[in-house]
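Hello,

Here is the structure I promised to pass on to you.

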Amino acid sequence: MRYRLTFMTGMAVGYVLGARAGRERYEQLCKWAQRLAQNPAVRNTAESAAHGGRQAAVKALEKVRPLRERIGQREERGMEEDDWGTSNT
């Protein structure tokens, strides 16, 4: 609940400050954001982060795949054997 209240307060403050800044300041911020997005250093960093994220996802999938297969085998057995340390009661 605290985080929700903090978020809503931030939204309200941002709205008030944005309304006072006006359209001209909004246009300035848009131009600044476009220049930032087109900056080669920023683009390279974003591409590197995306590549690293893809590599992390592949590693995670490699670790999860055996668990998925094990769960599938357990379901095929009809849950008669419980090797997960829980009971079927």
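Below is what I found, starting with the whole chain and moving on to the details.

Please keep in mind that this is a predicted model. The protein chain contains two helices and zero strands. Of its 89 residues, 1% are buried. Its accessible surface is about 8,500 Å², and carbon and sulfur atoms account for 58% of that.

A straight helix with its 37 residues would reach 54 Å at 1.5 Å a residue, yet the C-alpha atoms at the ends of H1 are only 37 Å apart. When you trace H1, look for Gly 22, as a kink of about 105° is centred there.

You will also find one salt bridge in the structure. Its partners are Arg 23 and Glu 27, whose closest N and O atoms are 3.1 Å apart. Both residues belong to H1 and sit four residues apart, which is about one turn of the helix. In general, an α-helix has 3.6 residues a turn, so residues three or four places apart point the same way. How exposed are the two partners? Arg 23 has 60% relative accessibility, so this residue counts as exposed. Glu 27 counts as partly exposed because its relative accessibility is 33%.

Finally, there is a nonpolar patch on the surface, made by Phe 7, Met 8 and Met 11. Together these residues have about 350 Å² of accessible area.

Enjoy exploring the model!

Best wishes

How values were computed
Residues numbered from 1 in each chain as written. Predicted model: local features only at pLDDT ≥ 70, side-chain atom pairs only at ≥ 80, totals over all residues. Heavy atoms only, no water. Patch = residues over 30% accessible without salt bridge, like charges linked within 9 Å, V, L, I, M, F, W, Y side chains within 5 Å. Areas by Shrake-Rupley, 256 points an atom, 1.4 Å probe, with all protein chains shown as cover. Salt bridge = Lys/Arg side-chain N within 4 Å of Asp/Glu carboxyl O. Buried < 20%, exposed > 50% of the residue type's maximum accessible area, 1.4 Å probe, protein only. Expected span 1.5 Å × (residues − 1). Bend = angle between axes of the 7 residues up to and from the residue.
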